[in-house]
Protein chains: 2
Amino acid sequence: MSADKPSILIVGAGAIGSFYGAILKRAGCAVSVVLRSEYEAVVENGILIESDLGDLSYRPDHVYRDGDTPESTPDYLILCVKVLPGVDRAELIRPWMGDNTRIVLIENGLDIERAIADAFPANPIVSCLAFIAVSRVGPGQVHHKAYGRLVMGRYPEGIDDNARDLADLFIEGGIKIDLTEQVVGERWRKCLWNTPFNPLSVLAGGADTATILDTEGGEDLIRTMTEEVLAVAEADGYPMSADLIDKNIAGTRKMPPYKNSMALDHINGRPIELDAVLGNVVAIADQHGVAVPHLKTMLVALRMREKLKAAEGQ
Amino acid sequence: MSADKPSILIVGAGAIGSFYGAILKRAGCAVSVVLRSEYEAVVENGILIESDLGDLSYRPDHVYRDGDTPESTPDYLILCVKVLPGVDRAELIRPWMGDNTRIVLIENGLDIERAIADAFPANPIVSCLAFIAVSRVGPGQVHHKAYGRLVMGRYPEGIDDNARDLADLFIEGGIKIDLTEQVVGERWRKCLWNTPFNPLSVLAGGADTATILDTEGGEDLIRTMTEEVLAVAEADGYPMSADLIDKNIAGTRKMPPYKNSMALDHINGRPIELDAVLGNVVAIADQHGVAVPHLKTMLVALRMREKLKAAEGQ
């Protein structure tokens, strides 16, 4: 690695964090990680990544454990944890933050930057959406199946040198980057699919796309919910073409039946990113006085389900 | 038993059918039953019912098996099966119907009489709502825990001699009867609680009343769904006071946390009476052009869930 390359710290080095760390390692950066349960495995073996891009396995420059004191603060801190109730992401990264640390979010959902921006108003934020198929196959072991493109920009808008420099490193490491002036708009666009499909698949007990669309009333419900998301996005300053509804349905029907990541989380008993994908959309709808009865029904029913699951877990 | 008492045939002698058969047996009627899986047990031991009303156990006058040919047709045929997709209730009772057989429905839900009335237009129908806590504890064994009142009337409306005579027999057998001129209105009134609470408890994974009402947004969602039911009932010719919404919520909060029968069916892997409790309400809303977005979201999500469950059962 070269001294003029920025230093990277990945907080939450699951499948996604481990993968993008590998890409930046290939670009010549010093890449360290903060881990919780996989600490021992990674100290011993490094991070093992099987990928069509080649062997992306690497030994992080430092392997920290949650609660450690850092030897130095990074140029870029990349946060890749799930956005869940009870997880205070700002507190999670606070110990690792320097005055000049830029925060990079590679996380799902809408309005997930706000809590971080409020907690660290002086640190620039680069917000990223990952289009990738990658999964954890064991402690410190990741299988990268396909894709890897990042859509990224400065939060709340624009493209600054922080985003541009990071984009160049990712490109050097071998993945495709789309810089965007309106990363929040891109998040809305991703919500157009995720906000109806992901929670509905959970509510239906872990249904795939074909079950959702082919149930009596299913496609209509998806269309109506997508219209609700469109209306909220427009009220929030991010209008999109209504043609996208037809395109989303047609695109989904073209794919083989597919269980989205939230459905898989549900099936595997993991918590779901309900607020990031749905709750924040409904909250913004309420702020703007946009009626979203279908989304709200789904949100409240899923809140009940998560509450029941938490109570039964006790 | 006395020769001037009408003969009774119970089709679907589960917990509810067995109990009301016992009541009519106490009133001196000849009571026969048609059974499927519990045939052997009932032939051997009769029907065993533990109850605060005393020992209600009895040997039916005839024990038929589904598919048998009847020796005679009954004066009253009491149908107590669940209203489920794939169960053609008219076909189920057809072999047992005589020209003068009156049909008695002791079943949950709304608009569940129509299929029977269409199939047997010349036979009078007595429609009943049961307010009872009773459960099957083994083959041919029933535990009657509390209540037993029936609200009953001629379908589609009025009170005729068939309803009155049957009511007298039930009263003679020891239970409370409320005759009603508007049994469909009474079904709407029961739906005011059941239509929001029952399906929502299933959607939430088997939640009790406290979990439903105390989740963020839960009471509001119940209120909104109850308003939707009120609007459909009014469009259907059965206006009710909006005060009932507050009364339902307050009454529910006064009870200990409670899992309704649909939640228990769901938890125990049994099919749920989705159309009787919710689907028929939404269908009537559509006929009248009443918007019910919250109910419809719940219905479609539950249809997906039932479809997935059926597919996984294959």
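In chain A, 19 residues of domain 1 are in contact with 14 residues of domain 2, contact here meaning heavy atoms within 4.5 Å. Keep in mind that this is a predicted model: local features need pLDDT of at least 70, side-chain atom pairs count only at pLDDT 80 or more, and totals for chains, interfaces and linings use all residues. Residues are numbered from 1 along each chain as its sequence is written, chains are lettered from A and ligands numbered from 1 in the order in which they are written, and side-chain values use heavy atoms, with hydrogens and water left out.

**Between the domains of chain A**

- Domain 1 of chain A runs over 7-181 and domain 2 over 185-309, with bounds that come from an automatic or database domain assignment.
- The C-alpha centres of these two domains of chain A lie 26 Å apart.
- About 1,500 Å² is buried between domain 1 and domain 2 of chain A, with carbon and sulfur atoms giving 53% of that; buried area is the accessible area (1.4 Å probe) that two parts lose on being put together, summed over both.
- On the domain 1 side, A:Lys82, A:Asn108 and A:Leu110 lose the most area to domain 2 of chain A, and together they make up 42% of what that side buries.
- You'll find two salt bridges between domain 1 and domain 2 of chain A, a salt bridge being a side-chain nitrogen of Lys or Arg within 4 Å of a carboxyl oxygen of Asp or Glu.
- A:Glu113 and A:Arg187 meet through their side chains in a salt bridge, at 2.8 Å from N to O.
- Ten residue pairs, both at pLDDT 80 or more, are in polar contact between domain 1 and domain 2 of chain A. (A polar contact is a pair of N or O atoms within 3.5 Å; within protein, one must be able to donate a hydrogen and the other to accept it, and residues adjacent in sequence count only if both atoms are side-chain atoms.)
- Strand E7 (residues 125-138) of chain A gives the most to the domain 1 side that touches domain 2, with five residues. (Helices, H or I with at least four residues, and strands, E with at least two, are DSSP runs, numbered from the N terminus.)
- By class, that domain 1 side of chain A has eleven nonpolar, four polar and four charged residues. (Ala, Val, Leu, Ile, Met, Phe, Trp, Tyr, Cys and Pro count as nonpolar, Asp, Glu, Lys and Arg as charged, and the others, Gly among them, as polar.)

**Between chain B and chain A**

- A rotation of 180° with 0.0 Å of shift along its axis puts chain B on chain A with an RMSD of 0.0 Å, the copies being superposed by least squares on the C-alpha atoms of residues with pLDDT of at least 70 in both.
- That is the relation of a two-fold axis.
- The same surface serves both copies, as 100% of the contact residues of chain B recur in chain A.
- The area buried between chain B and chain A is about 2,400 Å², and carbon and sulfur atoms give 68% of it.
- Two salt bridges are counted between chain B and chain A.
- B:Arg303 forms a salt bridge with A:Glu216, with the closest N and O atoms 3.7 Å apart.
- Six residue pairs, both at pLDDT 80 or more, are in polar contact across the interface of chain B and chain A.

- Most residues other than glycine have a negative phi, and most peptide bonds are trans.
- The peptide bond from A:Tyr155 to A:Pro156 is cis, with omega near 5°, and A:Pro156 is found in the loop between strand E8 (141-154) and helix H5 (161-173) of chain A.
- B:Asp111 isn't a glycine, yet has a positive phi of about 60°.
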